Amino acid sequence: RLTGKDRKRLGFSGPRIEDSLLQKMSHVCSRPVFLKRPSPVILLASVPGSGSFWTRYLLEQLTGVYTGSVYQSETPKLTLLGGGLWHNSSVLVVKTHSGPSTHERLAYKADGVVLLLRNPFNTAKAEFSREATHDNRKAATLDMFESQKDVWKRVVRMAGQRFETLVSYWGSRAFSMPVHVVFFEDMLKDLGKELQRMADFLNVEVSKDKLQCVLQHRSGLHRRNHSSDYDKFDPFDPKTVANHNEHIRAASMIIPRVVSYLREEKPSRDEFHEEQKQTVW
């Protein structure tokens, strides 16, 4: 629980928002605290829509230590912590989606990086959901992709490029600092294994009972709920698929496994008609 000094240092006022969040959760495995001893500054780097919101919740509940963010706009409504605390070592990891110019400043002060990767086709849908609904826990309805077409076009245009930039930059930093790569898809398949791997990288001991508690209450208030229609919905046109695949291939030069994110490319409607013309005598 935040002390009076902690709240003053973070600029919090009014009711204890973190307490109200805890009350809404069906079960609490840990009540996070700030680290008292000096610790390394570890970044949690990802593309928007990769699951950093959920990952921070899991780590806080697993370790009992607050996570932070470089974004001052992040208030306790997003996690049990609020505010940007990346510049000190009182938190476990510090979330960032920052671009290359900011990466240099972050890398200069960081001691290591947890690189959270997710299929850029899925990050585009997740980030659009956040922008369309203004909520990290809700999925966009299918009609929102049409009614907010301009937002979707902007989000999907940036998703592939951001993915390549993230992988290329932080992947190459593995030669100069510890970098731990986590695939969101692996978290869905075997969450216990991936949480233990992150805890080992962060040099935090966790008990079997605490890990089991987190696994039983993995969703909390921090996991996006969506329908099977949303999962099956494919809003990507052939041009977007080709563009994303290009960025994925470039990223695979740094981390080969991401090549599994490639999607089958189909000709666009214009290309299809052109092929049909060429087959007519």
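**Note on helix packing and cores**

1. Start with a helix pair. Helix H9 (residues 191–201) packs with helix H10 (residues 208–216) at an angle of about 130°, and their axes are 10 Å apart. That angle makes H9 oblique to H10. The crossing of H9 past H10 is right-handed. Bear in mind that this is a predicted model.

2. Now the residues at that contact. From H9 come Leu191, Gly192, Leu195 and Gln196; they meet Leu211, Val214 and Leu215 of H10. By type, the residues of the contact of H9 with H10 are 5 nonpolar, 2 polar and no charged.

3. Which residues of H10 are buried? They are Leu211, Cys213, Val214 and Leu215. The buried residues of H10 pack against H9 and also against helix H3 (52–63).

4. Turn to the largest nonpolar core. This core has 40 residues. Leu115, Leu117, Phe128, Phe163, Trp170 and Val258 are those with the most contacts inside it. At least two core residues come from each of these elements: strand E1 (42–46), helix H4 (100–109), strand E4 (112–117), helix H5 (120–133), helix H6 (144–147), helix H7 (149–172) and helix H12 (238–252). H7 gives the largest share, 9 residues. Another core, of 27 residues, lies apart from this one; Val182, Met187, Leu195 and Leu215 are among its residues. As background, nonpolar side chains tend to be buried together in soluble globular proteins.

5. Phe128 deserves a look. Setting aside neighbours within four places in sequence, Phe128 is in contact with Ala140, Met144, Phe145, Gln148, Val151, Trp152 and Val155.

6. Next, a loop residue. Asn119 sits in the loop between E4 and H5. Is Asn119 buried or exposed? Its relative accessibility is 13%, so Asn119 counts as buried, the cut-off being under 20%. Residues up to four places away in sequence aside, Asn119 touches Glu185 and Tyr261.

7. Last, Val181. This residue is found in strand E5 (residues 179–183). Val181 has a relative accessible area of 24% and is therefore partly exposed. How far apart in space are Val181 and Trp170? The C-alpha to C-alpha distance is 9.6 Å, and the two are 11 residues apart in sequence. Beyond neighbours within four places in sequence, Val181 is in contact with Leu115, Leu117, Arg197 and Ile255. Leu115 and Leu117 are also among the residues with the most contacts inside the largest nonpolar core.

Conventions. Residues numbered from 1 in each chain as written. Predicted model: local features only at pLDDT ≥ 70, side-chain atom pairs only at ≥ 80, totals over all residues. Heavy atoms only, no water. Core = buried A, V, L, I, M, F, W, Y, C linked by side-chain atoms within 4.5 Å. Buried < 20%, exposed > 50% of the residue type's maximum accessible area, 1.4 Å probe, protein only. Helix = DSSP H or I, 4+ residues; strand = E, 2+ residues; numbered from the N terminus. Contact = heavy atoms within 4.5 Å. Axes fitted to C-alpha atoms, helices over the stretch in contact; angles between N-to-C directions. Parallel < 35°, antiparallel > 145°, perpendicular 65-115°, else oblique. Left-handed = near helix turned anticlockwise from the far one by under 90°. Nonpolar A, V, L, I, M, F, W, Y, C, P; charged D, E, K, R; others polar.
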